[in-house]
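Student: I've got this one open on my screen and would like to walk through it with you. Can we start at one end and work inwards?

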Amino acid sequence: MQNKQEASAFVICDDLYKIFKVADIEVMALQGLDLTVGRGELVGIVGASGSGKTTLMNVLGGLTMPSAGQVIVDGANLLKLSTRELTTYRQVEVGFVWQQGSRNLIPYLSALDNIKLPMTLAGRTGREADGRARELMEKVDLPHRCDHRPIQLSGGEQQRVAIAVALANEPKLLLADEPTGELDSTTSDQVYDLLKRLNEEDGLTICIVSHDPTIAQHVQRVVQIRDGKLASETVRRRAPHPLASSPTRKEGEERALASTITTVGDDGSWEDHFEELIVLDSAGRLQIPKQYREELGFQNRVEMEVTEGGILIRPAQNLEQTSSQAEIQIEREIRGEENEASAGLLARLKGRK
Ligand SMILES: Nc1ncnc2c1ncn2[C@@H]1O[C@H](COP(=O)(O)OP(=O)(O)OP(=O)(O)O)[C@@H](O)[C@H]1O
Ligand SMILES: [Mg+2]
């Protein structure tokens with residue numbers, strides 16, 4: 001299989017910020033997020049509730065403009081598109097699938113008419129639209145459900161029709177925000193299989209937001225968002241494994257950061273390595289997971305030491321001597337050369353305690 005990470009960049013998010021303001025309170029939904037998705041890549045996006053996943057989807061879909069940063073999809077800078085170009089982008093270039101069936105489908109229209117609706121809005125009607133809609137119903141394995149209204153379809157079938165609706169105008173990018181959030185695991189697998197097929201057969205670039213811990217098994221790469229910023233990335237690598245005989249997983253799956261997990265196929269013929277790596281941004285920033293910070297007693301200062309094999313980060317010692325954040329900053333500044341003004345400021349700060 002082609003290494004899709006090496007494919008050319010199709011989506012580029014550069015230092016994205018999104019600030020929402022509600023009643024004078026600002027919420028930073030995205031805080032300097034960098035993300036690159038290759039053309040034809042299938043990427044999973046995970047993260048805690050409120051971490052900014054849907055906001056990112058809305059930005060990529062041209063539904064929300066970022067407060068700062070750049071977003072480029074297939075060479076088009078979304079911030080520079082005119083209102084008309086943006087409308088075309090939303091209608092034709094990108095397809096959306098949401099978690100809630102009610103948001104994806106019009107309840108009083110049949111599955112077929114639901115698929116035809118975005119085509120009509122984009123000016124495609126008549127026989128051509130009908131033919132394309134039927135083709136899509138076949139593609140999602142539901143040719144026998146064309147005349148069913150959403151309420152007459154199961155949850156999994158509704159999501160497959162929703163995918164067909166999203167594909168109606170042949171978008172280059174498919175964004176799915178928790179498409180399996182309301183489905184059981186078997187039905188979820190069918191939806192993932194469909195998305196995988198669309199990716200492999202049609203070369204569609206797909207981003208799937210999920211809370212599903214098994215998402216890594218369905219995609220090539222999973223990126224984790226924490227507090228509006230990319231925190232880590234899990235890459236799956238499949239290799240032949242003739243000696244393995246049963247499905248196993250290494251101990252410590254929950255603590256997979258910066259380590260490798262292996263899953264062996266049922267027939268023992270292959271094994272998948274899931275390698276989770278912490279993302280280092282262009283300014284050299286990385287996020288230390290909360291679990292590690294708590295276990296190791298990290299507060300808001302750490303010590304860093306270059307060792308033979310890498311960098312050792314440990315809780316700062318003697319924090320009690322420099323309890324104020326401002327003091328730490330100023331002490332650093334005046335450490336080398338005594339500066340009268342800085343020393344005076346430090347003395348004033350100390351006096352304030
Ligand atoms: N339209 C909005 N107005 C104000 N705040 C918003 C808006 N949309 C999102 N937020 C805030 O931005 C943050 C990120 O929200 P977002 O919906 O992107 O999270 P999420 O990762 O998709 O969460 P979930 O997993 O629960 O869907 C949250 O704190 C949320 O309250
Ligand atoms: Mg969300």
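Student: Which residue in β14 is the bridge partner of V306?

Tutor: This is a predicted model, and in it the bridge partner of V306 is I311, which belongs to β14.

Student: And how do the two strands run, β13 and β14, and over how many bridges?

Tutor: Strand β13, residues 302-306, pairs with β14 in the antiparallel sense, and the pairing extends over five bridges.

Student: Is β14 buried or in the open?

Tutor: Strand β14 covers residues 311-315, and because the number of buried residues among these five is zero, the strand lies largely in the open.

Student: OK, changing topic: what sits around ligand 1?

Tutor: The residues around ligand 1 include F20, V22, V27 and A29, then G47, and also the run S49, G50, S51, G52, K53, T54 and T55. By class, that shell has four nonpolar residues, seven polar ones and one charged one.

Student: Which elements supply at least two residues each to that shell?

Tutor: Those are β1 (9-22), β2 (25-38) and α1 (53-60), and the largest share, three residues, comes from α1.

Student: Now the inside: how many residues are in the largest nonpolar core, and which have the most contacts there?

Tutor: The largest nonpolar core has 63 residues, and those with the most contacts inside it are L60, A164, L175 and I208. Helix α6, residues 155-166, gives the most to this core, with six residues.

Student: Say I click on L175; what does it touch?

Tutor: Leaving aside residues up to four places away in sequence, L175 touches M57, L60, G61, V94, F96 and C207.

Student: What about α4, which of its residues are buried?

Tutor: In helix α4, residues 111-121, the buried residues are A111, L112, N114, I115, K116, P118 and M119. What covers them includes α2 (83-93), α5 (126-139) and α6. After α4 comes G123, whose phi is positive, near 90°.

Student: Last one, zooming out: how many helices and strands are there in the protein?

Tutor: The protein has ten helices and 14 strands, and buried residues make up 31% of its 353 residues. Among contacts between residues at least 6 apart in sequence, 63% join residues at least 24 apart.

Technical notes: Residues are numbered from 1 along each chain as its sequence is written. Chains are lettered from A and ligands numbered from 1 in the order in which they are written. This is a predicted model: local features need pLDDT of at least 70, side-chain atom pairs count only at pLDDT 80 or more; totals for chains, interfaces and linings use all residues. A residue is near a molecule or strand if its C-beta atom, placed from the backbone, lies within 6 Å of it. Helices (H or I, at least four residues) and strands (E, at least two) are DSSP runs, numbered from the N terminus. Ala, Val, Leu, Ile, Met, Phe, Trp, Tyr, Cys and Pro count as nonpolar, Asp, Glu, Lys and Arg as charged, and the others, Gly among them, as polar. A residue is buried if 20 or more other C-beta atoms lie within 10 Å of its own, exposed if 12 or fewer, and partly exposed in between; C-beta atoms are placed from the backbone. Two residues are in contact if their C-beta atoms, placed from the backbone, lie within 7 Å. A nonpolar core is a set of buried Ala, Val, Leu, Ile, Met, Phe, Trp, Tyr and Cys residues joined through C-beta atoms within 7 Å. Two strands pair if DSSP finds at least two bridges between them.
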